[in-house]
Amino acid sequence: MQLSIIAIGRMQRGPEQQLVDEYLKRLPWKSSVTEIEIKKQAANAEERKAREAERLLAAVPDGAALIVLDERGRALNSRAFANRIDEWQVAGYNTVAVIIGGADGLHESIHARADLKLGFGTLTWPHMLVRVLLAEQMYRAWSINAGHPYHRD
């Protein structure tokens, strides 16, 4: 399996980046992080979301199962999340891509393409912490599916 994290904005060096790096290093899958910056600002939020959507969707690997992180997404426990990833592997997907949008949210075209709209609760999280949560949950999902003792119920 491969993991592709696709996010708006650049992560600065610091503790959040160190945690993301640590969890991705533990994960035995090939993983990549694509950071997208939009230099020319749009006139309004809808235009900005549309521009971001073009770039985000273009970065999704062909044939990938797509997870979209959204505050209104489904709240899954770790076992259910791991099970979804396992189902995708059994179905023949070899890549899971995850989109983390910008501050204005995501354009409808991204929601339409999503195989799973996932939420990390109803709280608003800083985008850099979301990357840490995602990396940890991907490692946890792998550990559950592999029977590794990292996860405890």
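Buried means under 20% relative accessible area, exposed means over 50%, and partly exposed lies in between, with a 1.4 Å probe and protein chains only. In soluble globular proteins, nonpolar side chains tend to be buried together.

The model is predicted: local features need pLDDT of at least 70, side-chain atom pairs count only at pLDDT 80 or more, and totals for chains, interfaces and linings use all residues. Residues are numbered from 1 along each chain as its sequence is written, and side-chain values use heavy atoms, with hydrogens and water left out. Helices (H or I, at least four residues) and strands (E, at least two) are DSSP runs, numbered from the N terminus.

Seven of the ten residues of S3 are buried, and the strand is mostly covered. Ile67 belongs to S3 and is buried, with a relative accessible area of 0%. Contact here means heavy atoms within 4.5 Å. With neighbours within four places in sequence left aside, Ile67 is in contact with Phe81, Trp88, Val96, Ala97, Val98, Ile99, Leu116 and Leu118.

Beyond the neighbours within four places in sequence, Val68 is in contact with Ile99, Leu106, Ile110, Ala114, Leu116, Lys117 and Leu118. Val68 and Ile110 are separated by 42 residues in sequence and by 7.6 Å in space, C-alpha to C-alpha. Leu69, with neighbours within four places again set aside, is in contact with Val98, Ile99, Ile100, Leu106, Leu118, Phe120, Val130 and Leu134.

The pairing of the strands comes next. Two strands pair if DSSP finds at least two bridges between them. S3 and S4 pair in the parallel sense over four bridges, with Val96 of S4 as the bridge partner of Ala65. S1 and S4 also run parallel, joined by six bridges, and Gln2 stands opposite Thr95 in S4. S1 is joined as well to strand S2 (residues 30-36) by seven bridges, and these two strands run parallel. In S2, Lys30 is the bridge partner of Gln2.

Six of the six residues of S4 are buried, so S4 is largely enclosed by the rest of the structure. In a regular strand the side chains alternate between the two faces of the sheet. Both faces of S4 are covered, with Thr95, Ala97 and Ile99 buried on one side and Val96, Val98 and Ile100 buried on the other. S1 is likewise largely enclosed, because six of its seven residues are buried.

Ser78 is placed in helix H3 (residues 78-90) and is buried, with a relative accessible area of 16%. Leaving aside neighbours within four places in sequence, Ser78 is in contact with Gln137, Arg140, Ile144 and His151.

The largest pocket has a volume of about 440 Å³. Of its 22 lining residues, Leu69, Asp70, Glu71, Gly102 and His127 are the closest to the centre. On a 1 Å grid over the protein atoms alone, a pocket is an open set of points where a 1.4 Å probe fits, with protein on both sides within 12 Å along at least five of seven lines, and lining residues have an atom within 4 Å of a point. Grid points are joined across faces, edges and corners, and a volume is the space filled by probe spheres set on the points. Strand S3 (65-74) and helix H5 (127-146) each supply at least two residues of this lining, and S3 gives the largest share, four residues.
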